[in-house]
Amino acid sequence: VAYQARTQRAADAHSEGLAEGRRRHSEQAEALGSEVKAERARREALIGELGAVNARIEAALGSIQHRAEAAEALEQQLARAERRIEAARRRAESMATAVLQDVEAYAARADGAAAAEEEDLAQAAAGDFEQEALLEAPGEA
């Protein structure tokens, strides 16, 4: 009976030791589980923050790209305007040259007409002079 009592106490002590070990194991597992959950939550928070940072970076890149495209479009508009200005300058020079040539041609025609009129007047005057001379000296002819 004493042997049985000792064996029973040893078995009970062993069972209590196992139960205590299981409780500590369970507590440690729960603590580790809580730490794992907390670490997962921190990781998820970091992933969320990284997502927000990534979204801001993408928005900034989009804005930069939009501005670069706008600048390129403005450069193209400026180049077209410069070409139009140059074409207008060439047309204006051509028109000015044509007007100058027209004015010179008109002046030449006017000079020619004035010279012809002077010649006609001189001939008419000479004719009048001869006629007067003939009229004044009728017997000499």
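**View 1. Glu20 and Arg23 join in a salt bridge.** In this predicted model, the side chains of Glu20 and Arg23 meet at 2.4 Å, N to O. A salt bridge here is a side-chain nitrogen of Lys or Arg within 4 Å of a carboxyl oxygen of Asp or Glu. Both residues lie in helix 1, three residues apart, about one turn of the helix. Helices (H or I, at least four residues) and strands (E, at least two) are DSSP runs, numbered from the N terminus. Glu20 has a relative accessible area of 32%, so it is partly exposed. Arg23, at 44%, also counts as partly exposed. Buried means under 20% relative accessible area, exposed over 50%, and partly exposed in between (1.4 Å probe, protein chains only).

**View 2. Glu86 and Arg89 form a salt bridge.** Their side chains meet at 2.2 Å, N to O. Glu86 and Arg89 are three residues apart in helix 1, about one turn of the helix. Glu86 is partly exposed at 31%, and Arg89 is partly exposed at 37%. Glu86, Arg89, Arg90 and Glu93 are linked in a network of salt bridges.

**View 3. Glu44 pairs with Arg43.** This salt bridge spans 4.0 Å, N to O. Glu44 is partly exposed, at 48% relative accessibility. Arg43 is partly exposed too, at 47%. The count for the model comes to six salt bridges.

**View 4. Val53, Ile57, Leu61 and Ile64 make a nonpolar surface patch.** The patch covers about 350 Å². Patches are made of residues with over 30% relative accessible area and no salt bridge: like charges are joined within 9 Å, nonpolar side chains (Val, Leu, Ile, Met, Phe, Trp, Tyr) within 5 Å. Accessible areas come from the Shrake-Rupley method with a 1.4 Å probe; for residues, only the protein chains shown count as cover. Ile57 lies in helix 1, residues 2-136. At 45% relative accessibility, Ile57 is partly exposed.

**View 5. Gly17 sits in helix 1.** Its relative accessible area is 39%, so Gly17 is partly exposed. Gly17 and Gln28 are eleven residues apart in sequence. In space they are 16 Å apart, C-alpha to C-alpha.

**Notes.** Residues are numbered from 1 along each chain as its sequence is written, and side-chain values use heavy atoms, with hydrogens and water left out. Local features need pLDDT of at least 70, and side-chain atom pairs count only at pLDDT 80 or more, while totals for chains, interfaces and linings use all residues.
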